[in-house]
Amino acid sequence: MRINPVVLYDGECAFCRVCARLLRRLDRHGRLEVLDFNQPEADVLLTPLPAAERRTALHLAVRDGTVHSAGPALRRALAEALGPAAERLLTSPPAAWFVDRGYRIVAAQRHRLGWIEQFLPPRKVTDQREP
């Protein structure tokens, strides 16, 4: 049984890999796990979602088995990684609207944004936390 919430992302998408790595870097206290949703282990976590929705967005599987998707998943993952002050900010209606809207806009263009990956430093082989 997992203790930490799990961020599930599309490991076949370069932009999604960048976002997963950035989330991991923001999570300095190790509050999140990050998992490519194309891995067999992800299917168990995504069981609450219809099969057609499992590979369409970023997801966050939380301790009670609930799965949040898209903007709400991003907001909750950021709040978990950054702590209580970020959670208060991200749950305010203006910030929630902004993050959710921004997520939809960026997600629609994610396949065009993969070039960003070349600007991240190479992943350390010994760092198993990085996607």
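What is the mean pLDDT of the chain? It is 89, and 91% of the residues reach 70 or more, pLDDT being the predictor's confidence in each residue, from 0 to 100. This is a predicted model, in which local features need pLDDT of at least 70, side-chain atom pairs count only at pLDDT 80 or more, and totals for chains, interfaces and linings use all residues. Residues are numbered from 1 along each chain as its sequence is written, and side-chain values use heavy atoms, with hydrogens and water left out.

One stretch needs care: over residues 125–129, pLDDT stays under 50. Where pLDDT is low, the predicted coordinates should not be read in detail.

Now for the sheet. It is open and has 4 strands, in the order β2-β1-β3-β4, with mixed pairing. Strands here are DSSP runs (E, at least two residues), as are helices (H or I, at least four), numbered from the N terminus; two strands pair if DSSP finds at least two bridges between them. At the edges sit β2 (33–36) and β4 (67–69), each pairing on one side only. β4 runs antiparallel to β3 (residues 59–61), and 3 bridges join the two. Among these pairings, A61 has V67 in β4 as its bridge partner.

Helix α1 (residues 14–26) packs on the sheet, touching β1 (6–9) and β2, where contact means heavy atoms within 4.5 Å. α3 packs on the sheet too, touching β1, β3 and β4.

Finally, follow α3 (residues 70–82) to α5 (residues 93–108): their axes come within 8 Å and cross at roughly 120°. Axes are lines fitted to C-alpha atoms, for helices over the stretch in contact, and angles run from 0 to 180 degrees between N-to-C directions. So α3 is oblique to α5, given that under 35 degrees counts as roughly parallel, over 145 as roughly antiparallel, 65 to 115 as roughly perpendicular and the rest as oblique. In this contact, A70, G71, P72, L74 and R75 of α3 meet A96, V99, D100 and Y103 of α5.
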